[in-house]
Amino acid sequence: MERVMELGAESPVVIFTKSSCCMSHSIETLIRSFGANPRVYDLDELPNGMEMEKALVELGCKPSVPAVFIGKELVGGSNEIMSLNVRGNKLKQLLIRANAIWV
């Protein structure tokens with residue numbers, strides 16, 4: 001779990017994904033549409049990806065991917081990100097506060 005938290009704090013936006021997950025791709029595309037450049041970790045391509053996936057589940061991500069960190073905080077998965085996006089400018093505000101985008 002510690003490694004996941006360290007990686008989640010490396011960049012203003014970090015997304016844990018699986019290369020075969022269409023929702024992961026959709027969430028990455030949404031975040032990039034604001035002008036952010038997230039660091040993306042494909043768990044199925046990492047040697048310790050299974051351990052990291054278990055850690056994400058322990059942190060409350062169900063399903064485990066996509067898991068999005070913004071500003072060093074675990075925001076959640078696709079449901080949480082989409083909810084923030086449809087509730088006004090909540091997602092954009094988070095990205096601005098994390099210095100992931102500028103206005």
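Rings of Phe, Tyr and Trp (its six-membered ring) pair if their centres lie within 6.5 Å; planes under 30 degrees apart count as stacked, over 60 as edge-to-face and the rest as tilted. The structure holds two such aromatic pairs.

This is a predicted model, where local features need pLDDT of at least 70, side-chain atom pairs count only at pLDDT 80 or more, and totals for chains, interfaces and linings use all residues. Residues are numbered from 1 along each chain as its sequence is written, and side-chain values use heavy atoms, leaving out hydrogens and water.

Select Phe16 and Tyr41. Their ring centres are 5.5 Å apart and their planes at 20°, so this pair is stacked. Phe16 sits in strand E1 (residues 13-17) and Tyr41 in strand E2 (residues 39-42), 25 residues apart. Strands (E) are DSSP runs of at least two residues, numbered from the N terminus.

Now check burial. Buried means under 20% relative accessible area (1.4 Å probe, protein chains only). Phe16 is buried at 0%. Tyr41, at 14%, also counts as buried.

The ring centres of Phe16 and Phe69 lie 5.8 Å apart with planes at 70°, so the pair is edge-to-face. Phe69 is in strand E3 (residues 67-70), 53 residues from Phe16 in strand E1. Phe69 is buried, with a relative accessible area of 0%.

Finally, show Phe16, Tyr41 and Phe69 together: ring pairs link them into a cluster.

Notes
Helices (H or I, at least four residues) and strands (E, at least two) are DSSP runs, numbered from the N terminus. Buried means under 20% relative accessible area, exposed over 50%, partly exposed in between (1.4 Å probe, protein chains only).
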